[in-house]
Amino acid sequence: MFRFLLIGAAAIGLAACAHAQPRDGDPVSSKPCVRHPVSYEDYAAAVRKVADSEAALGAQAGVPQPSTSDLSRAMFTRAEYAAMAAHPYACRAIFYGSDGLKVAAYIWEPANIPAGAKLPVVVSLRGGNQDFGKFTPDSHWATPALVAAGFVVVGVQYRGVDGGEGNEQFGGDDVHDVLNAVALARRLPEADPRNVFLVGVSRGGMMAYLALRDGAKVNAAAAVSAMTDMAVEARRRPAMETNVWRKLIPNYDADREAAWARRSGLKVAREVDLPPMLILHGTADWRVDPDESIAIAQALQARGRPYSLHIFDNDVHGILWNWRERDRLLIDWFRQHMAH
């Protein structure tokens, strides 16, 4: 594997119900997740289906894809899958307050946290939009590795999704849902408020940059396959503009350039003093151009901001072929920036 590397300079309490509108960052309701475990054979078949679909879509987009003849690198081994299924962790589906709305999220954490223990928290931002790419109780984007490493993970759905109130705006007012999830993370009784981190994948990476612009305070952050320049993506994937942005972004057609600028992670990197950033991308990513992550790193380098950039050769959106290295980098990055 070739990798291009640059390194630069317990149960939550419920909110009081005296008011109709929940306070920003307060939990409103919580219930245990209903999980849907699947056999290893069904898991392997699902991985094959996704890999074949992504390979076909990538070829259609003119981006060379890794061969799917051997998926062993992209999958858990049978032993790893059994260990993951048996790993003792807790999952809760919650609603929390954001701009007076109830927003859905999941919390995954180690099981049987000792009384009085305080754990670091990672606020995880999903990709996609609406129901596409949303978290489920069995979503395991970096969750098993992070939870096994002793982190609490808060998975944000954004407003209007999974029973949440309001309307998703793809980087508009829904950025407040990220800010309020960070506030929620600090208020969890099992959380160490000195150690809160942020990770976003794809559109979630964009949301991470926008939340940091708008004042989210975290020790460090990570962006995986992040979309950071909508002008680039409008040229590469016009269907995103037609089918998603025009539907979700208020008054999009009135001034789309302003909408792009407001949602530009690159603009944020050029103007805002970001916390230490871990940036991961794959060269075979047909959904988001890896040059967008390189441009972010160049902007941070020019401003003397701390970052680490890893570009994985012949890997896809989400770094699915080198997921072990992806998870190791995330855990090491967050541990490196813990307050003690």
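Visitor: Which are the buried residues of helix 4?

Guide: This is a predicted model, so read each value as computed from it. The general idea first: an α-helix has 3.6 residues a turn, so residues three or four places apart point the same way. Now the case here. In helix 4 the buried residues are V175, D177, V178, N180, A181, V182, L184 and A185.

Visitor: How many residues does helix 4 have, and what does it reach from its first C-alpha to its last?

Guide: Helix 4 runs over residues 175-187, which is 13 residues. Its first and last C-alpha atoms are 19 Å apart, close to the 18 Å expected at 1.5 Å a residue.

Visitor: Which residue follows helix 5, and what is its phi?

Guide: G215 follows helix 5. Its phi is positive, near 110 degrees.

Visitor: Let me step back to the whole chain. How many helices and strands are there?

Guide: The chain has 11 helices and 10 strands.

Visitor: What does the radius of gyration say about the chain?

Guide: Compare the value with that of a compact globule of 340 residues, which would be near 20 Å. The chain has 19 Å, so the two agree. Along the principal axes, the C-alpha trace spans about 55 × 50 × 40 Å.

Visitor: What share of the residues is buried?

Guide: Of the 340 residues, 55% count as buried. The accessible surface of the chain comes to about 14500 Å². Carbon and sulfur atoms hold 55% of that surface.

Visitor: How far apart are the mean positions of the positive and negative charges?

Guide: They are 3 Å apart. The chain carries 37 positive and 38 negative charges.

Visitor: Now single residues. Is Y89 buried or exposed?

Guide: Read the relative accessible area against the cut-off: under 20% is buried. Y89 has 11%, so Y89 is buried. Y89 lies in strand 3, residues 89-98.

Visitor: What does the side chain of Y89 make a polar contact with?

Guide: The partner is the side chain of R35, at 3.0 Å. For a separation along the chain, take P120, 31 residues from Y89. The C-alpha atoms of Y89 and P120 are separated by 15 Å.

Visitor: Where is S264 found?

Guide: S264 sits in the loop between helix 8 (256-262) and helix 9 (265-271). S264 is buried, because its relative accessible area is 11%. A polar atom of the S264 side chain lies 2.9 Å from the backbone nitrogen of K267.

Visitor: Why does L146 count as buried?

Guide: L146 has a relative accessible area of 3%, and therefore counts as buried. Its place is in helix 3, residues 143-148. L146 and F312 are 166 residues apart in sequence. In space they are 21 Å apart, C-alpha to C-alpha.

Visitor: How far apart are S39 and M338 in space?

Guide: They are 37 Å apart, C-alpha to C-alpha, and 299 residues apart in sequence.

How values were computed:
Residues numbered from 1 in each chain as written. Predicted model: local features only at pLDDT ≥ 70, side-chain atom pairs only at ≥ 80, totals over all residues. Heavy atoms only, no water. Helix = DSSP H or I, 4+ residues; strand = E, 2+ residues; numbered from the N terminus. Rg over C-alpha atoms; globule rule 2.2 N^0.38 Å. Buried < 20%, exposed > 50% of the residue type's maximum accessible area, 1.4 Å probe, protein only. Areas by Shrake-Rupley, 256 points an atom, 1.4 Å probe, with all protein chains shown as cover. Lys, Arg positive; Asp, Glu negative; His and termini not counted. Charge placed at Lys NZ, Arg CZ, Asp CG, Glu CD. Expected span 1.5 Å × (residues − 1). Polar contact = N/O pair within 3.5 Å; in protein donor to acceptor, adjacent residues only side chain to side chain.
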